[in-house]
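Hi everyone, thanks for coming along. Please have a look at the picture as it comes up, and then we'll walk through it together.

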Amino acid sequence: MSEVKKKKKKIKVSTILIYIILSLWGITTIFPFVWVINNSFKPSREVVNSSFSLPIEFTMQNYVKAFDNLNILEAYKNSFIISGSVTIAVMILASMIAFAMTRYKFRGREFIHSLIIASLMFPVFSTIIPVFKMMSQANLISNPLSVIIPQIAGNLSFASVIMMGYLRGLPIEMEEAAYMEGANIRQVFTRIIVPLCKPSLATVGIFCFLWSYNDLFTQLIMIRRRTKFPICALLNEISSKYGIDYGLMASSITIIIIPVLIVYICLQKNIIKGLTAGAVKG
Amino acid sequence: MLYKKKLPLFIFLVPGLLLMVLFLYKPFIENIINSFYDMTSVVKMPGQEWKFIGLENYKRLFQDTKVRTAILNSFKMMILSVVFQVGIAFLLAVLVSRINKGQHIFRTVYFFPIVISASAIGLLFKLFYNYNGGMLNQIMIALGKEPINWLSTSKAFSMISIPIIWSYVGFYFVIILTGLNAISDELYEAASIDGCSNFKQVFYITIPMVRGVMCSCITLAVTGALKVFDLPWVIVPKGAPQGVTHFLGTYMYEQTFTISNIDYGSTIAFVIVIFGVIVSKIVSVLIKPDKNL
Amino acid sequence: MRKVKRLVYLVLTVVFMMSLLAACKKGDVKETSETKQETKDNGEKEENKQETKTENDKHNPVTLTTVSMHGGTDPNAANYQEINKKFMNDYSYITIEDDSQTSDQDWKTKIAADFAVGNEPDVIQFFTDANASDVLAADKFVTIEEIKAEYPDYAKDTLPAALEAAVNPDGVQRAVPTTGFWEGLFCNKDLFDKYNLELPTDWDKMLKAIETFKENDIIPIAVSLNNVPHYWVEFLMLAAAGPEGFTTVPESAPEDWVKGLEMFKTLRDLGAFPVDTDTIDNDFAGELFKNKQAAMQLDGSWYAGGIPDQDNTVVVSFPVIPGGKAEPGFMVGGLSSGFYITKKAWNDPDKRDAAVKFVMAHTCSESVQKYWNGNGTAAAKVEPLADMTPLGISGLNYSSAATSISTPTDARIKQEAYNTLTAGIVDVSTGARTPADLIEEVLQVNAR
């Protein structure tokens with residue numbers, strides 16, 4: 001009895017230490033977020049001179065300016081069409097690739113594996129020029145598809161690598177048992193693999209959404225009509241329109257990150273759900 | 001047995017691979033072809049011909065001291081990424097998985113740097129490092145010291161590495177944590193009943209169990225380091241100061257989009273991929289991700 | 001139960017795909033309906049003016065795609081939009097879809113790509129000099145001669161000399177200019193007064209000022225060598241070589257150009273530039289000058305409007321560097337942009353008339369007056385302004401007193417060569433690279 005107590009005490013000390021370390025890192029990550037929101041309520045000059053204090057002169061002007069000039073809701077819609085479809089398509093395609101790559105043994109597997117790894121290396125600038133040419137020949141410039149398709153292709157290799165890593169760790173026994181009971185491949189995939197992969201699918205989904213959402217570069221090159229601008233492109237324009245108006249930039253950033261945070265928090269619940277389902281134990 | 005039939009394999013692989021071939025490999029090969037021509041504009045103007053210049057760009061590559069700096073910096077960044085990004089992320093993930101309350105909060109909070117786009121983080125660090133009125137120098141002056149040029153040639157690389165490493169720790173943290181949570185609690189319980197200390201548990205249970213995930217992380221960190229672009233480009237554009245902070249990504253962008261030497265930019269892009277393939281090959285030989293299959 | 005679930009998934013996927021397609025399609029439809037809406041609105045507004053309405057009813061609705069450089073931070077962005085608005089009111093059947101942006105390097109690259117793939121706008125305000133060579137190579141502009149054959153009034157307000165100045169490198173006139181620009185040395189006069197300094201009208205005074213400001217913790221010259229050293233490149237080379245040597249593109253590095261660029265190292269060693277000149281961007285350098293943390297800045301006529309202290313800021317001519325061949329009072333300036341009509345618009349019977357009307361609306365005396373507003377030079381006859389600020393007057397005096405006007409180097413050499421030149425300035429200023437070596441490379445790139 002006394003032994004158990006001692007052990008509990010020891011754990012408590014180490015737990016406190018753990019919390020301290022974790023909180024310290026947490027402060028560094030939360031700080032910029034607070035900084036941005038804090039500064040979004042200041043006039044620009046104040047941001048430059050005293051960006052780390054609370055607003056002396058509290059102003060909503062930055063938000064008014066941002067909302068006044070632009071159709072932000074329309075831009076949100078454009079962004080969600082693009083990033084939503086990229087995310088879903090990547091999740092479906094990547095789990096298929098990862099399943100095939102980890103469960104099947106076939107000639108050329110090594111080759112395809114290195115193809116996938118190699119494409120991780122492709123910086124988007126190295127493919128954007130020919131892709132732009134292809135898109136304009138297909139008359140898709142300014143169409144959301146011109147951003148969606150290259151982004152799917154670009155994120156697919158990353159997503160496959162993550163899913164492959166996760167799938168490798170999953171024991172194969174369950175699938176074999178299901179097969180014994182007469183399930184075919186499609187059923188194994190949709191009923192066993194996909195539910196088991198939920199946590200890593202959520203991970204992949206979050207990152208694809210984020211990268212697609214924040215990928216200003218592709219958006220700026222492909223979308224040329226102002227009415228079709230996704231939110232990042234639109235707010236990039238507004239911040240360049242007013243020169244170095246840091247206050248306006250801060251409010252733009254706030255407007256950009258809020259939906260992403262919502263998506264993250266939604267998907268995060270999914271991760272936990274996937275966990276409580278007791279994935280591995282079956 | 002289950003995976004003997006090959007037909008479903010094609011159905012699973014083809015759609016994804018087709019997209020990759022069409023929108024990654026084909027443009028990339030086109031890009032390589034471009035590197036042998038003297039491109040005058042992004043897309044060939046009707047009636048315009050590009051001069052074939054053969055290996056000239058590659059010859060230039062070997063003489064270009066900036067390319068050397070860029071390669072060196074990218075290598076440094078790779079090592080730093082693996083050690084610090086993945087290392088810190090692993091540590092934090094293990095710690096978070098050990099606690100009961102507040103997991104949710106840390107998980108959300110650590111993710112913030114990734115949610116905020118690189119241009120915003122870049123702006124933030126720019127305001128930290130600014131010589132005139134930046135936060136660090138405001139502190140220096142408050143302490144009665146001389147202001148420091150934080151982005152001088154000798155400090156710039158370390159100063160730019162900090163935000164790069166910091167902003168992506170949360171990324172690997174989430175991935176590793178997902179893997180960690182797949183380990184059943186029973187394993188740990190069994191281990192602690194057998195008298196295995198927490199520290200030992202990490203070594204004998206955690207690390208072997210998340211091996212696959214860690215390998216993916218290392219591969220991603222290495223290739224990610226080669227692609228580093230947006231943060232340095234915002235904080236120290238064009239390899240400023242004096243080209244010491246050039247990475248392969250930023251140097252390529254500068255050549256392609258600010259100098260409009262598009263063909264030379266294509267050459268560098270090709271080099272980035274070659275390097276990436278070689279390095280990730282070495283990595284996969286060293287850590288053997290497929291071993292337990 | 002499972003079957004139901006699977007069905008739900010399937011349905012969801014299908015719905016998603018459909019909505020995706022629909023969204024893409026809807027985007028298009030919506031846009032057109034939006035523009036229709038707009039035209040309708042305009043039509044309603046015009047209802048009172050019966051005459052205009054009947055006049056406008058004769059025409060088919062036209063949507064004109066336009067691009068100009070009056071976007072972003074450009075001081076004329078508001079004027080441009082205002083003229084567009086008035087234009088759409090006057091001609092209710094014309095809808096303008098405008099995508100104006102600041103003319104930076106990325107933008108030029110994009111425009112060139114648009115022209116290459118046939119995505120060009122109907123009317124564009126663009127460069128007329130070597131900056132436009134990529135776009136001109138596509139041969140998609142209509143010449144003024146051809147337009148005048150059908151519309152004799154086209155460009156009637158524009159001064160013949162201005163039209164001549166806006167000629168393309170191949171000697172053909174295609175663009176109708178509005179205003180020209182000058183570049184000059186902006187000085188915070190109050191800082192000079194505070195330390196009993198004379199304005200830097202010659203090199204000794206310049207050196208004296210640099211020394212004194214340096215001692216008093218004021219940055220002598222606000223410039224970002226990494227971001228925009230362009231103005232300094234132009235003025236130092238021009239001061240050293242004189243207008244003639246400056247404007248001829250040589251085959252090998254001329255001594256004078258080298259001497260001009262060598263001055264970067266001299267100035268840097270004197271501590272004339274900000275400590276962080278290698279890392280700050282141009283906007284921030286501008287802030288240093290506007291906040292009176294820096295005493296001098298070399299910039300263009302467009303910069304004047306954004307300076308908050310219009311009373312104590314003056315523009316002076318750049319001093320001749322020791323041994324320089326230029327006459328005092330030399331200036332960099334010119335007229336290097338104008339409105340073009342593309343063949344795409346010209347060959348479309350509905351758009352042809354609208355495009356011509358659009359360009360005329362922007363280049364008539366009244367509009368040029370707005371664009372000019374005391375800054376730079378005007379391409380049409382303008383009324384002198386009554387309420388100019390002291391800085392405005394100073395700029396006007398500076399530009400009208402110029403003994404010579406030379407166009408910047410990028411008007412003469414290939415873009416890639418010019419970009420190579422500006423990208424190498426940091427290395428030249430630290431001595432990591434000799435000016436001769438840099439200029440040699442630039443000329444090589446240009447000759448390729």
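Which residue stands opposite C:Thr66? It is C:Val123, in E3(C). Before we go on, some housekeeping: this is a predicted model, where local features need pLDDT of at least 70, side-chain atom pairs count only at pLDDT 80 or more, and totals for chains, interfaces and linings use all residues. Residues are numbered from 1 along each chain as its sequence is written, while chains are lettered from A and ligands numbered from 1 in the order in which they are written.

Now, back to chain C. Strand E1 (residues 62–67) and strand E3 (residues 123–127) of chain C run parallel and are joined by two bridges. Strands here are DSSP runs of E with at least two residues, helices are runs of H or I with at least four, and both are numbered from the N terminus. Two strands pair if DSSP finds at least two bridges between them.

The sheet in chain C is open, with four strands in the order E2-E1-E3-E9 and mixed pairing. Strands E2 (94–98) and E9 (337–341) of chain C are at the edges with a single partner strand each, so one side of each has no neighbour in the sheet. From one strand to the next, the twist averages 25°. Helix H14 (residues 349–363) of chain C packs on this sheet and touches E1, E2, E3 and E9 of chain C. The direction of H14 makes about 45° with that of E1(C); axes are lines fitted to C-alpha atoms, for helices over the stretch in contact, and angles run from 0 to 180 degrees between N-to-C directions.

Next, how do chains A and B meet? In total, 78 residues of chain A are in contact with 75 residues of chain B, where contact means C-beta atoms, placed from the backbone, within 7 Å. Helix H1 (residues 2–39) of chain A gives the most to chain A's side, with 14 residues.

Finally, let's look at the largest nonpolar core, which has 222 residues. Such a core is a set of buried Ala, Val, Leu, Ile, Met, Phe, Trp, Tyr and Cys residues joined through C-beta atoms within 7 Å, and buried means 20 or more other C-beta atoms within 10 Å of a residue's own. A:Val90, B:Phe173 and B:Ile176 have the most contacts inside this core, and helix H4 (residues 72–103) of chain A gives the most to it, with 15 residues. Apart from it lies another core, of 67 residues, including C:Phe235 and C:Tyr418.

Conventions
Contact = placed C-beta atoms within 7 Å. Buried ≥ 20, exposed ≤ 12 C-beta atoms within 10 Å, placed from the backbone.
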